[in-house]
Amino acid sequence: MANNVMVWVRPCVQGSGTATIWPLSPAATAVCQEAREIEARKSMTVKQVITQAPGVQVMDGRAAARCSAAAVVESPQVKTTEAAGSEVRVRFAPSPTGYLHVGGARTALFNWLYAKNVGGKMILRVEDTDQARSTRESEQAVLTDLEWLGIKWDEGPDVGGPHGPYRQSERRELYKQYVDQLVDRGLAYPCFCTDEELEAMKKEAEEKKLPPIYRGKWAGASKEEVAEAMAAGVPHCYRFRVPKNQVVTIKDVIRGEVSWNTDTLGDFVILRSNGLPVYNFCVAIDDALMRITHVIRAEEHLPNTLRQVLIYQALGFPTPIFGHVSLILAPDKSKLSKRHGATSVGEFREEGYLADAMLNFLSLLGWNDGTEQEIYSPEELQQKFSLERITKSAAVFDKTKLSWMNGQHLRALPLETLAEMVGQRWASSGLLARSQSPFVAAAVQMVQSSLELVSDADKELRALLSYPLEDTLASEAGQAQVADGLKDVAQAALAAYESGELQTALASGHDGYKKWVTAWGKANSRKGKRLFMPMRIAFTGRMQGPDVGEVLSLLALEDGDVADAGAYVALPERMQRLRTWVDSQP
């Protein structure tokens, strides 16, 4: 050893017979050297020198205590996986304890988009170690929702793969093997503490305002003590032995460098007394054995990362690249929950949202491509997505925005596709007797600009089929039209209908109706709103809606299409009610 290297010795744990030696970085060495000089001036001496290693100095006492903060600067390097292109492997690991939450769907989406963008693979792993809550029904529901969104995985419980099984419940023996490895190497140990003892430790830590970490005797128990407890059949879990006073740092692709001091953690459980492995242990083993290169997940998992990295290091596994995505908040900036309405993908599907719109909306909850574009197809998202454009700030789930976006995607559909969807909706809701006909096609074309959800088409069709003349005329706005000579316009409409002039005009389509109205207005000194509003009231019974010529042309196409529930008022009945109103006027 060419130069002196200062180290910090952690005294041996009782019964273990070994001490832990940590090398200090140059910066830490300088700090510690200063502490040594201060102690020397106070007539303090270095109590321990390891002569077997020339050039190595070991400190304890007050000097060591003073440089302990500097000591944590030096910690084992986190070996990070390097992967690009087809080597990239991401995963989505849902727990089958309910339906797919929109937050989970976004996590799956970001992983899928990244894999698609770089040509990598996506793995679906089911984390079903919670025996009390996990069900195959929930698992299938999650898979169904992912499939509806169009998210496909390359390996998983249903499609297989070279790194299965892909359910944690089917990998228990594997986890136990790695627990045994850690125990054999002294990196984990059995803990026989009772619940009462653990609760007492927790209470004492709270009273002394200490971190809530394990301080029981089994971390330093002798082989004889452990063997005796084992022979007596005392229930026990297994704890991971956390190295003391180290700083673990990861480079999060979204949040930058994130560091933890291991002294805040304490020895944590990796295998429960019932033989079931703990989440953080399973995740680390599975990610390593499934060769996951990138772990993209919600920021609520960030605190778990320290435990997982320590397990990677202890077993010699490379650490994946981490990216922790911000939470999804409700409009009131609280955590999105059931009290804010629908939160699962399945609920939104049942409400009539399109999969592509849902995918588009979720992609913008924490990501953008740097432009003002808001509407994307799945193919565009795959081409443009990158981890670098994921934002740190929390995303707000705005259902109004989702509905608007759904309307944009609806209107982007080919008219034939939209007509099929809306026609089926009208038939299933009992408004129409058939889902396909010239009447249906024309009606869909008229209402499409007003739709945000397919279900909105019901209200729009009812408005076209009904004739609320009396209600309109009783309103304040309707009375203003009456005062402005509505009767004269109504009489002209009746005369055109009764003479066949209106039907002749409608035979020429929308332009024919417009020419007739314009000609009548010119002859009677009416134009603009004073002409078109009273004509609208006369023929539709409303003061707003689609073009009147288009409405009349649609009514002419009706040939048994409307069911009784549609409450259809045909043109002859409309004209009869209009005549009744005209005759009632002075």
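In this predicted model, the contact between helices α4 and α12 is made by V102, A105, R106, L109, F110, W112 and L113 on the α4 side, which meet M358, L359, L362 and S363 of α12. Two packed helices are described by the angle between their axes and the distance between the axes. For helix α4, which spans residues 102-118, and helix α12, which spans residues 355-363, the angle is about 85° and the axes are 9 Å apart. Since angles from 65 to 115 degrees count as roughly perpendicular, α4 and α12 are therefore assigned to that class.

One of the α4 residues in this contact, F110, also takes part in a cluster in which ring pairs link it with W367, Y376 and F385. A search for aromatic pairs over the whole structure finds 13.

Among these pairs is that of Y189 and Y214, whose ring centres are 6.4 Å apart and whose planes stand at 35°, so the pair is classed as tilted. The class follows because planes under 30 degrees apart would count as stacked and those over 60 as edge-to-face. Y189 belongs to strand β6 (residues 188-191), whereas Y214 lies in the loop between α7 (195-207) and α8 (223-231), so the pair ties together parts that are 25 residues apart in sequence. Both partners fall below the 20% limit for burial: Y189 is buried with a relative accessible area of 3%, and Y214 is buried with a relative accessible area of 10%.

Y214 has a further neighbour, because the charged end of R239 sits over its ring, at 4.0 Å from the ring centre, a value that lies within the 6 Å cut-off. Another arrangement of this kind involves R307, which lies over the face of F268 at 5.6 Å from the ring centre.

Turning to the cysteines, how many disulfides does the model contain? The count comes to 0. C191 is in no disulfide, and the nearest cysteine sulfur to its own, that of C193, is 3.8 Å away. Likewise, C193 is in no disulfide, its nearest cysteine sulfur being that of C191, at 3.8 Å.

Technical notes:
Residues are numbered from 1 along each chain as its sequence is written. This is a predicted model: local features need pLDDT of at least 70, side-chain atom pairs count only at pLDDT 80 or more; totals for chains, interfaces and linings use all residues. Side-chain values use heavy atoms; hydrogens and water are left out. Rings of Phe, Tyr and Trp (its six-membered ring) pair if their centres lie within 6.5 Å; planes under 30 degrees apart count as stacked, over 60 as edge-to-face and the rest as tilted. Helices (H or I, at least four residues) and strands (E, at least two) are DSSP runs, numbered from the N terminus. Buried means under 20% relative accessible area, exposed over 50%, partly exposed in between (1.4 Å probe, protein chains only). A charge sits over a ring if NZ of Lys or CZ of Arg is within 6 Å of the ring centre and within 35 degrees of the ring normal. A disulfide is a pair of cysteine sulfur atoms within 2.5 Å. Axes are lines fitted to C-alpha atoms, for helices over the stretch in contact, and angles run from 0 to 180 degrees between N-to-C directions. Angles under 35 degrees count as roughly parallel, over 145 as roughly antiparallel, 65 to 115 as roughly perpendicular and the rest as oblique. Contact means heavy atoms within 4.5 Å.
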